[in-house]
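Subject: Handing over the structure, with notes on its rings and a helix

Hi,

Here is the structure I promised to pass on to you. Please have it open in your viewer while you read the notes that follow.

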Amino acid sequence: MDIKPLTGGLGAEIFGCDIRNEAEFDEIQNAFAKYSVVVLRGQHASPEDHLKFARCFGPINVNRFFKAVDGYPEIATVLKEKDQKTAVGEGWHTDHSYDQVPAMGSILNAREVPPYGGDTLFVSMGAAYEALSSTLKGFLDNLWAVHSSRHVFGSSTSNSEAAKSGRLGNAEAAVQDARHPVVISHPLSGRRGLFVNPVFTTHIEGLNAAESDALLSMLYEHCRQPEFQCRVRWEAGDITLWDNRATWHKAINDYHGYRRLMHRITVDGVALSA
Ligand code: SIN
């Protein structure tokens, strides 16, 4: 297989690999550990292939809110129809950060893509942390933040297009709140990285609301710098996997009038520590 880094910060494309070939798994996993975001070109995987590959990483973490693929309750549908305006995952986020034990990562299988646009952007949270001053790092190192699913998937969002169209549901299950260190040590590599995100993080503990909002806004603006990003341009049949403990991501909603259908499987992680 041929592994080509996407940027200096994170991400790599792999050409000439096959997720159905178990002998190739270790090399794919090593690339995943090194680059945090890995694009496997030209897989054209069935739901069964997708599930089998995901289980090589660990048990599947079934998403409570996304509509499942018919006949496959462990696979979430990430869909925007051609007449819909909003896309799922448009804001910068880390999947499942509202869980006490956040997911290890997600594996997204491109089933139908628009003729242009619909890319996914990623940020390296390790690179973003490393670029901060040592004084600010020292302050952040002792802080904890609260994350929640309530304001994103709960009943207050029942008038959204995603809820009304059935793409998202199960609002009564949106009762998760979790606290995590603002800076985590990656469970496998030990690399330090920021672990707050604009969609699910509600506040930093021990600060008043104005202080918490200002600090989070400053960190978010810092993280959004292009130097920490990579961009995945999809072809139907590609699979991209990303490490939730090391990245943010965002779906770009710039393909109005076209359908985009992705299948997502999320894999269990471990509790996070500073
Ligand atoms: C997601 O946020 O998990 C979906 C990303 C995408 O559709 O590109």
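A charge counts as sitting over a ring if NZ of Lys or CZ of Arg is within 6 Å of the ring centre and within 35 degrees of the ring normal. Please keep in mind that this is a predicted model. By that criterion, the charged end of Lys80 sits over the ring of Tyr255, at 4.4 Å from the ring centre. Arg264 does likewise with Phe66, lying over the face of the ring at 4.7 Å from its centre.

Now to the rings themselves. How many aromatic pairs does the structure hold? The count is 10. One of them joins Phe25 and Phe53: the ring centres are 6.1 Å apart and the planes stand at 75°, so this pair is edge-to-face. Phe25 belongs to helix H1 (residues 25–35) and Phe53 to helix H2 (residues 47–57), so that 28 residues separate these distant parts of the chain. Both Phe25 and Phe53 are buried.

Tyr98 and Phe200 make another edge-to-face pair, with 4.9 Å from centre to centre and 70° between the planes. Where do the two partners lie? Tyr98 is in the loop between strand E5 (72–80) and strand E6 (105–112), while Phe200 is in the loop between strand E11 (192–194) and strand E12 (201–204), so the pair ties together parts that are 102 residues apart in sequence. Tyr98 has a relative accessibility of 1% and counts as buried; Phe200, at 4%, also counts as buried.

There is a cluster to look at as well: Phe25, Phe32, Phe53 and Phe57 form one aromatic cluster.

Which of the residues in H1 are buried? They are Phe25, Ile28, Ala31, Phe32 and Tyr35. These residues cover an arc of only 130° around the axis, which puts them on the same side of H1. Asp26, Asn30, Ala33 and Lys34, on the other side of H1, are exposed.

And what do the buried residues of H1 pack against? Their partners are strand E1 (2–5), strand E2 (12–15), strand E3 (37–40), H2 and strand E14 (239–243). After H1 comes Ser36, and its phi is positive, near 70°.

Happy to talk any of this through once you have had a look.

Best wishes

How values were computed: Residues numbered from 1 in each chain as written. Predicted model: local features only at pLDDT ≥ 70, side-chain atom pairs only at ≥ 80, totals over all residues. Heavy atoms only, no water. Phe/Tyr/Trp six-rings, centres within 6.5 Å; stacked < 30°, edge-to-face > 60°. Helix = DSSP H or I, 4+ residues; strand = E, 2+ residues; numbered from the N terminus. Buried < 20%, exposed > 50% of the residue type's maximum accessible area, 1.4 Å probe, protein only. Arc of directions from axis to C-beta. Contact = heavy atoms within 4.5 Å.
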